[in-house]
Amino acid sequence: MRWKSGFAFALMLTGAVSAAGQETPPETLDQLAPEIDALFAKYQAEEHIPGLVYGVVKDGKLAYVKGIGVQSLTDKRPVTPDSLFRIASMTKAFTALAILKLRDDGKLRLDDLAEDHIPEMRGWTYPTKDSPRIRIRDLLQHVGGFVTDDPWGDRQQVLPQEDFTKMIAAGVPFSRVPQSRHEYSNFGYALLGRIVANASGMAYTDYVRQTILTPLGMAASGFDVTQTPKARYALGYRWENGRWSPEPEMADGAFNSMGGLQVSANDYAKWVAFLLAAWPARDDADAGPVKRSTVREVAQGLNFVSVTNRIGASGASACKQAAAYGMGWRVAQDCDLGLTLAHGGGYPGYGSHVMLMPDHGVGVFALANRTYAGPSAPAWDTAVAMERAGLLEPREVPVSSAVAEAYAAAKAAYAAGNLSPLQGRLAMNFLMDRSAANWAAEFAVLKEAVGECPADEPLAPMGAMSTAFRLNCEKGKLDGILLLAPTTPPTVQALRFRIVSPD
């Protein structure tokens with residue numbers, strides 16, 4: 001059987017969903033390709049996009065990729081996996097990881113005041129006398145108090161570094177008190193680029209290239225679009241008044257850290273595969289270029305959580321997502337897809353989207369050459385289609401010996417109709433929460449309903465101290481949760497059973 005994600009397990013604790021979904025015959029990604037192609041072809045036509053490329057990264061490689069349309073309306077050169085697109089705000093994930101890498105190397109701390117690394121900020125006037133001064137982590141997670149600056153920020157890409165220095169020194173008006181609420185800020189990520197430069201002692205672009213792009217083999221990627229080979233350059237267009245017109249080509253400037261990176265699909269897939277490889281935590285050698293634990297850190301939201309609909313066609317009917325902004329990523333828990341990390345990119349001439357599903361080792365991305373035409377809906381619809389086709393296999397979580405032994409005793413307790421097989425394994429709270437006599441009565445009620453349970457499904461652990469389980473019984477099925485206490489040795493603090501309703 002196929003078990004749901006850890007988020008679904010948590011819901012199951014409250015009885016909100018079943019621990020198991022119905023198995024469907026899995027398709028291959030090649031069999032699903034026509035459906036994926038139709039999603040992106042429809043989006044391209046409806047949004048008047050000259051060209052786009054999309055890909056699925058699975059099991060550490062680019063498992064599917066396709067380009068449609070043209071790089072340029074003039075020469076009609078078709079889009080390929082090697083065509084180069086600006087990814088706009090998807091650059092922020094590279095900036096965030098660069099900051100974390102500098103933290104790992106002892107060059108800064110996330111709780112450092114930003115002004116300690118950008119001296120021009122020290123004279124700023126904050127909105128209230130009790131305003132906290134901006135930390136580096138506030139910039140990473142868009143809680144610096146700055147106003148949302150799309151689309152103004154996009155047009156600052158070409159700003160010279162010396163003009164940016166003057167802008168910082170002059171101070172900026174605040175939208176709100178720092179650390180009080182999430183508000184998306186391109187300006188804040190431009191400040192992070194300046195911090196990367198000052199802390200590393202080299203230009204932001206050089207640091208990202210040396211520490212991320214080159215080690216990952218992303219040789220075609222970079223920030224200076226004026227040096228792009230024209231044979232591979234996806235020219236950016238806007239759609240206005242029923243026609244396309246080229247957007248101005250914006251050279252590398254001071255706001256590059258918020259949106260200036262240019263990539264190909266083949267290059268970008270290496271980045272996605274690298275990020276996904278950080279999950280799950282394990283004992284393997286850590287090859288870098290950034291530690292796996294550091295990569296996983298980007299998924300930590302700042303707790304300004306919102307409830308949102310999933311992007312795409314299934315959004316209205318799917319479970320709501322609990323979402324927050326991590327470090328360069330929008331992080332959400334999804335009932336079907338598990339943990340998701342996503343980000344769009346909107347820019348003069350370009351639109352892009354990426355979404356990662358670390359629980360499954362799968363990522364979907366798409367790059368387009370029309371202003372703000374971020375293909376988020378077909379990317380998420382592709383993920384949902386993969387889930388429905390059985391192509392999102394969960395990452396295996398090993399069953400710890402403590403869980404295995406406690407589960408065997410719990411199963412024996414059900415068979416015996418009493419807690420005697422669990423003697424010596426119960427935490428001090430267990431019989432305080434329900435007496436042994438009431439447990440015997442509970443077992444009797446369950447046996448009356450479903451009978452003996454001679455078989456079971458493989459355990460679905462949620463960690464080394466808990467598991468979901470399913471018993472296959474004579475007259476039905478039982479779902480359950482086993483939770484160990486933080487004692488040495490581990491003991492059982494909670495055991496729950498629930499009769500599975502017939503379909």
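**Two helix pairs in a predicted model**

User: In this predicted model, at what angle do the axes of helix α2 and helix α11 cross?
Analyst: Helix α2 spans residues 29-46, and helix α11 spans residues 376-388. Their axes come within 10 Å. The crossing angle is roughly 155°.

User: Are α2 and α11 roughly parallel or roughly antiparallel to each other?
Analyst: Their axes cross at roughly 155°. Angles over 145 degrees count as roughly antiparallel. The two helices are therefore roughly antiparallel.

User: How many nonpolar residues has the contact of α2 with α11?
Analyst: From α2 come L29, L32, E35, I36, L39, F40 and Y43; they meet P378, A379, D381, T382, A385 and M386 in α11. By class, two residues are charged and one is polar. The nonpolar count is 10.

User: Is the crossing of α3 and α6 left-handed or right-handed?
Analyst: Helix α3 covers residues 92-104, and helix α6 covers residues 186-200. They pack at an angle of about 40°, with axes 10 Å apart. The crossing is left-handed.

User: Which residues in α6 does α3 meet?
Analyst: The α3 side supplies K92, T95, A96, A98, I99 and L102. The contact has nine nonpolar, four polar and one charged residues. The α6 partners are N186, Y189, L192, G193, I195, V196, A199 and S200.

Notes:
Residues are numbered from 1 along each chain as its sequence is written. This is a predicted model: local features need pLDDT of at least 70, side-chain atom pairs count only at pLDDT 80 or more; totals for chains, interfaces and linings use all residues. Side-chain values use heavy atoms; hydrogens and water are left out. Axes are lines fitted to C-alpha atoms, for helices over the stretch in contact, and angles run from 0 to 180 degrees between N-to-C directions. Helices (H or I, at least four residues) and strands (E, at least two) are DSSP runs, numbered from the N terminus. Angles under 35 degrees count as roughly parallel, over 145 as roughly antiparallel, 65 to 115 as roughly perpendicular and the rest as oblique. Contact means heavy atoms within 4.5 Å. Ala, Val, Leu, Ile, Met, Phe, Trp, Tyr, Cys and Pro count as nonpolar, Asp, Glu, Lys and Arg as charged, and the others, Gly among them, as polar. A crossing is left-handed if the near helix is turned anticlockwise from the far one by less than a right angle, and right-handed if clockwise.
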